[in-house]
Amino acid sequence: MSSLEAPVVQVIDGAGNFNAQDLRQFATDNGLAGQKQNYQIVAIMGPQSSGKSTLLNHVFGTSFVMMDAMSGRSQTTKGIWMARSPKINEPFTFVMDLEGSDGRERGEDDTNFERQSALFALSIADVLLVNIWCHDIGREQGSGKPLLKTIFQVNLKLFSPEPDRRKTVLLFVLRDKTKTPLPRLVETMEADLIKMWESISKPAQYKESQINDFFEIQYAGLPHFEEKYEDFLADSVVLRRRFTVDADDSLYRSGDKLPGDAFTFSAGSIWEVIKSQKDLNLPAHKVMVANVRCAEIKEDQLRNLLSDQAWKALEASAGSGEVVSGFGKIAHGLVDSCVRGYEEEAMYFDPRVRDEVLQDLQSKVQSLLQPLYQKQVSTLGSLRLRDMQQKIKLGSMSSAASAEGFADLTLRLKTETIATFKDSFEAHLRVPGMPWDGETELEAFTATVEEDISKLRSENIAAALSKAERQLGPLLSGPVISLLDTCPVGLWNRLNSACQQAAAAAEKIAAQFLVGYDLTEGEIQTLSYKLATLARSKLEGHVREAALTRMSRMKDKFTEMFTLDANKTPHMWTPRQDIPKLAREARLAAAHVIAQLAILRIVDPGMGAASQKQLSKAYESVEDSILHLAKADLHQKQQQEISHSSDAESEPTFVDIMSAAAWPGVEDDRVLLQPHDVRTSWREFLSNSNVSVQQALSAQQANKLASNRAPPLWAIVAILLLGWNEFISLLCSPLYLLLGLLIFLFGRTLYFELDVDGEMQKGSLPGVISLANKFVPATRAVMSKTLVSMQSFASHLPEHATRASKYLSQDEVQMTELNSNAPSHSSISEHSVNHTSGTHSGEGTAESSMRRRVAPQSRSVTQN
């Protein structure tokens, strides 16, 4: 084969093996793979050694191996070969030379390959040449008839007579034409064809069909190759022209064929089906080829799209955090290019398959584009949202914020932001041809804006609430701590009032921060409820802390009441002060402290009036029980009414604290001190307070002894005024002595009435001023009492004697009590110093004098 000769490739070898790789390379090298439908396949069939290769080489310019007549008649072509015709450029023409039939090499019975090759040729060829010798026409046992019957029978399995289906062109080439005119030969040939068609067995649906329903039959005659070689060459040229596009009797039929790039795959698939002895459904095969090739085209287009630099740039810019200008137009251009590329390459395949794969391609492209689109939508939303947040922040800080208000500001900015998002989407992100019209995105963005505004509003409300809560602590702690330190009467009413006032003040502070937020009634109630709950919680914390430190508070209350006077100055424990009485009052005040700290009495606004009244009774019962215990220990009179009772006429119900384990009618979470805690604390307090009382009594006794050792003030004054001699003369004169005694008694009574010692404790100058203010009223009172006492003494002298003896016995009892070192609670409660105050009056002075006079007589009488 010379270099100018067309290359030949063996498609199927003699053993029936399909050479896919060689055919693929042949198709690429000869331009078949690049053709759409602008090509034709011409195949030739005929008996062995009938000149098929010779005919093809002369008509199409191919270089198939021809039989050497000098070597004898034998098989030249084995299998199926293919070559491109170098003499026909439009359209691309590819010629297949099939192994001849009826060859002695394969034997008389080996017709399997003959049938398979005929089926293969009918499946892929556009024009099937049937090489027949003229001298066999009209013969019943002509060598061409078995081959024709094979062609007819096979064709029935491949095609159905559809109106629009392209028919296979069956060109009968009558070789070695004689003088008989061609039309006469054609008539004979057609009659034989009809007879053969009718003689073959056909499926039931094709019983009435005609040969022309399946084939387009054409004829051509050629003279004898050896005897009329020049005529043979001339007629070969004429025949070649019939395979071009422009010929009048052109055999080229366009349409209804697979594209050139699918030829190799289609031919290999057809041969595999034929070789496996399966029925070949050519329409179904075309659908299968369409599925495979359309899928390959789709994948090629997707790869091309992903490798496109414009697509990569779009991917990079879509995730850059900025909105790509004209993103929708760029994406549409890339998608449209991908789709159009697919449509151009797949336009020749089965329409149904092509459209299905196209839809899948569009879905894949949409899925590839959607993440980029979503990133851009998210970026646009984030940018617009950030702008809105900044404007809200600046608007809240501006001077016009108070006039516009947060609600009006956010409503205005929300409208502006949504409009800006919509405009930007239409300008940059709308992708034509995609089902993303922006409505869903706009709804999602609107919801995000509303959620962001709601979140910001909630944060601001929470911040205002937090500020109010921080202010609530100082507002509440000061008054509450002060009240718990003093534990005054009506403690819980004042604590609840302080709690409500602090919550109201905090609510007012929060309301000032939230001006312009258009709070709903529910939000206002929630805010008020949270602050009130927090206030009650803080109050409960302070009260529980106070309950834990109850002993120190009771001691502080006792110390304040016992050691300080009305002016909050310490007692000097003079003989006139009633220490047992002060101790009882101070201990009772301490009992009030633990009574008020035993139960948590914070008012809950959510509780009904009936429940509150029931709890109030339980609280009063607890308080009354604690005070009852204290008064019982202090030997108080049971007829005294408790001042804290809400119903003064009702009899209090006492709980036996000594044996009770819990407070009846009181919830556990409201109990600060159980009965055993109260009992233990009270006993411990009494034990500790006894020390203070004993120390006070000791101090008072010491003060009395100290005042007896020093010269009395009146004696010092008398000595200074009279001198020593006059003082002795006064003592020696009975008249002066009586007068002096009267003056002494009057002065002594006035001294105690003025409480000189107590007043002078305040300081020299304040004491003198106070005594000067009290001197005149005290003098009048002493003179009046003295006059009354003298009159009573003169008229009832025997009675004075009897009373003097009685008072003497009482003085002895009192002296016995004062000399004891550890007085009991009952002795402290029963002890009275009323006789001391009695000595301040004139009657007391006279009676004291009488007791001193009659004392020796009483003792002597007792001795007798």
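Predicted model: local features only at pLDDT ≥ 70, side-chain atom pairs only at ≥ 80, totals over all residues.
The structure holds 15 aromatic pairs.

**Stop 1: a stacked pair between two strands**

Select Phe172 and Tyr219. Their rings form a stacked aromatic pair, 5.7 Å centre to centre, with 20° between the planes. Phe172 belongs to strand S6 (residues 168-175) and Tyr219 to strand S7 (residues 215-221); the pair thus links distant parts of the chain, 47 residues apart. Both Phe172 and Tyr219 are buried.

**Stop 2: a stacked pair within one helix**

Now select Phe558 and Phe562. With ring centres 5.2 Å apart and planes at 10°, this pair is stacked. The two residues are four apart in helix H16, so about one helical turn separates Phe558 from Phe562. In an α-helix there are 3.6 residues a turn, so residues three or four places apart point the same way. Phe558 and Phe562 are each buried.

**Stop 3**

Keep Trp573 selected and turn to its backbone. Trp573 is not a glycine, yet its phi is positive, at about 50°. The residue lies in the loop between helix H16 (550-563) and helix H17 (579-597). Is Trp573 buried or exposed? Its relative accessibility is 10%, and because buried means under 20%, Trp573 counts as buried.

Select Cys487 next. Here too phi is positive, about 45°, although the residue is not a glycine. Cys487 is placed in the loop between helix H13 (439-486) and helix H14 (491-513). With a relative accessible area of 5%, Cys487 is buried.

**Stop 4: a cis peptide bond and a charge over a ring**

Move to Glu90 and Pro91. The peptide bond joining Glu90 and Pro91 is cis, with omega about 0°. Pro91 is found in the loop between strand S3 (80-84) and strand S4 (92-98).

Then show the side chains of Arg84 and Phe92. The charged end of Arg84 sits over the ring of Phe92, 3.8 Å from the ring centre.

**Stop 5: an enclosed helix**

Select helix H3 (residues 112-124). Its 13 residues should span 18 Å at 1.5 Å a residue, and the end C-alpha atoms are 19 Å apart, which agrees. How many residues of H3 are buried? Of the 13, 11 are buried, so the helix is largely enclosed by the rest of the structure. Among the buried residues are Phe113, Leu119, Phe120, Leu122 and Ile124, and also Glu114, Gln116, Ser117 and Ser123.

**Stop 6**

The structure holds 22 salt bridges. Select Arg253 and Glu216, whose side chains meet in one of them at 2.3 Å, N to O. Arg253 lies in the loop between helix H6 (229-241) and helix H7 (263-275), while Glu216 is in strand S7, so the pair ties together parts that are 37 residues apart in sequence. Both partners are partly exposed: Arg253 has a relative accessible area of 21%, and Glu216 has a relative accessibility of 23%.

**Stop 7: a salt-bridge network**

Select Asp360 and Lys298. Their side chains meet in a salt bridge of 2.5 Å, N to O. Asp360 is in helix H11 (residues 351-397) and Lys298 in helix H8 (residues 282-307), so this contact ties together parts 62 residues apart in sequence. Asp360 counts as partly exposed at 28% relative accessibility, whereas Lys298 is buried, with a relative accessible area of 8%.

Lys364 is partly exposed, with a relative accessible area of 33%.

**Stop 8: a nonpolar patch on the surface**

End with a surface view of Leu738, Leu741 and Leu742. These residues form a nonpolar patch on the surface, with about 260 Å² of accessible area together. Leu742 is located in helix H21 (residues 734-754). Its relative accessible area is 45%, and Leu742 is partly exposed.

Conventions: Residues numbered from 1 in each chain as written. Heavy atoms only, no water. Buried < 20%, exposed > 50% of the residue type's maximum accessible area, 1.4 Å probe, protein only. Phe/Tyr/Trp six-rings, centres within 6.5 Å; stacked < 30°, edge-to-face > 60°. Lys NZ or Arg CZ within 6 Å of the ring centre and 35° of its normal. Patch = residues over 30% accessible without salt bridge, like charges linked within 9 Å, V, L, I, M, F, W, Y side chains within 5 Å. Areas by Shrake-Rupley, 256 points an atom, 1.4 Å probe, with all protein chains shown as cover. Salt bridge = Lys/Arg side-chain N within 4 Å of Asp/Glu carboxyl O. Expected span 1.5 Å × (residues − 1).
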